[in-house]
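Trainee: Could you walk me through this one while I have it open on my screen? I would like to start with the strands and then move on to the helices.

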Amino acid sequence: MFQSYSVKPFFDEMFEENKQPKPHYQNFFQLLQHFSEEELREKHETAQLSFLRQGITFTVYNNNVGTERTMPFDFVPIIIPPEEWELVEKGMIQRAEALNLFLEDVYGEQRILNDGVVPRNLVEENPYYYEKQVKGIEIPLNNHIFLAGIDLIRDEEGKYHVLEDNLRNPSGMSYVYQNRYVMRQVYPEFFAKHSVQTLEHQMTHMHQAILDHAPVSQKGKPLAVLLTPGMYNSAYYDHLFLAQQMGIELVEGRDLVVQKNVVYMKSIRGLKRVDIIYRRIDDDFLDPEAFNEDSALGVPGLLQAYRDGNVAILNGIGNGVADDKAIYAYVPEMIRYYLDEEPLIENVKTYLLENKEEREWVLDHLEELVVKNVGASGGYDMLVGPHASKEMIEIFREKIIESPHQYIAQPTIKLSRAPAYQGDNFYPCHVDLRVFVMRGKETNVLPGGLSRVALKEGSLVVNSSQGGGGKDTWVFKKKEEGGDS
């Protein structure tokens, strides 16, 4: 099966350098030997069809034309031993806490800016910094980050690094569940021999974290809704899945109305007061009276209801100032500043191109580096130097010279790889991991998260919009926990 598979020069999740399976993959590897090529091919096709039948899709827009696609699924799981997961979990809780304290600070006393730890201009000139709208608001639990999606990679030594923080509307949790569901349906043999942490109670934790944010003025049982831009949004399946699993109403802006600074949901029995809005709409579209006046997706008057403490909005407005790729470079300093701790999981080294010396060095080494637009996501407006044409490198050179504040650069890390199988053979593909941190009165980290895989051989881009796929992520239980998945 793996005769032509190559491990070097990367860290491989499944194999040692001599192509022997790592201890935590040995059971999986042995079970794999029992399948014929025909059985593997059939199971692969069944798995892809399962996603299609359940309508598990996302939309890719090109020239304003939307194309529905299923998320490609790869059955070789990413397996994380319990002691490794313990470090990841603690590191993610630490990071989310520091980022939340940063948000509370920059919309409050601004101590970190006054002390010169984070450059003031990076905050005040940030397009996602909504000081006028957010400053002075008392938000439930002082918690701006109800849900964080933090992207991790592993380098050639197998060491975890944080690649990116997603604190606005992180998506993909539904795929974690569907990857597990399809895996259990199509490959049940694997679960009989492995003790994998369950996802079973995680939606209850998420729902409770939402309810924990009920405004102080709220009486009785709080009503929470999930606000979606609608079925044409690329992550609509995610919105639908989460609302159904938590048993909360999925609403669009037209389903809500603000009267006397209180938010209500229209229903066949009249108006129902809404206490908490888990919104999947960007800040600019939330309220046409306070942000983009052309927005047809939001709710007029919503910001004033929020300011008056009559409704909670999750994630908080203005979170984008903390997940900007330039601010990212300062998160280790935030951890030291607010928590007086060393970061448990380090950043990838980042060059800030506003700095003249760093910019000049980067411009001389573009063919070796990854360059990213600080405000973009999804793999857009990004240069991967070693894989780029001379023309593309020159285009990015001009972009950096013209708008240095708009870009950062990072070394091209030899991202870890794992075997992928797409109905033909096994080949190595680069992977990353999005870890979901849910914060209410307590903090809970989804065991495993979303492993994304760059299914195009040699590609470093794992985003689904750029041809990436998903894998199930197994966190093994500690031996004393016992039980099955």
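Trainee: So what is the strand order in the open sheet of 3 strands?
Mentor: The order is E8-E9-E10, and the pairing is antiparallel, where two strands pair if DSSP finds at least two bridges between them. Helices (H or I, at least four residues) and strands (E, at least two) are DSSP runs numbered from the N terminus. Bear in mind that this is a predicted model, in which local features need pLDDT of at least 70 and side-chain atom pairs count only at pLDDT 80 or more, while totals for chains, interfaces and linings use all residues. Residues are numbered from 1 along each chain as its sequence is written, and side-chain values use heavy atoms, with hydrogens and water left out.

Trainee: Which strands stand at the edges?
Mentor: Strand E8 (256–259) and strand E10 (270–273) do, and because each has a single partner strand, one side of each is left without a neighbour in the sheet. The twist from one strand to the next averages 40°.

Trainee: And how many bridges join E9 to E10?
Mentor: There are 4 bridges between E10 and strand E9 (residues 262–267), and the two strands form a hairpin with 2 residues between them. Within this pairing, Lys266 stands opposite Leu271 in E10.

Trainee: Switching to helices, at what angle do H9 and H10 cross?
Mentor: The axes of H9 (residues 202–211) and H10 (residues 236–246) cross at roughly 90° and come within 9 Å, the axes being lines fitted to C-alpha atoms over the stretch in contact, with angles from 0 to 180 degrees between N-to-C directions. That makes H9 roughly perpendicular to H10, a label covering 65 to 115 degrees, whereas under 35 counts as roughly parallel, over 145 as roughly antiparallel and the rest as oblique.

Trainee: Which residues make that contact?
Mentor: Met203, Met206, His207 and Ile210 of H9 meet Leu242, Gln245 and Met246 of H10, with contact meaning heavy atoms within 4.5 Å.

Trainee: What else does Met206 touch?
Mentor: Leaving out residues up to four places away in sequence, its partners include Phe146, Leu147, Met173, Tyr278 and Met438.

Trainee: Last one: is Ile56 buried or exposed?
Mentor: Ile56 is buried, with a relative accessible area of 0%, where buried means under 20%, exposed over 50% and partly exposed in between (1.4 Å probe, protein chains only). Ile56 is found in the loop between helix H2 (37–53) and strand E1 (57–62), and Ile56 lies 8.1 Å from Tyr175, C-alpha to C-alpha, although the two are 119 residues apart in sequence.
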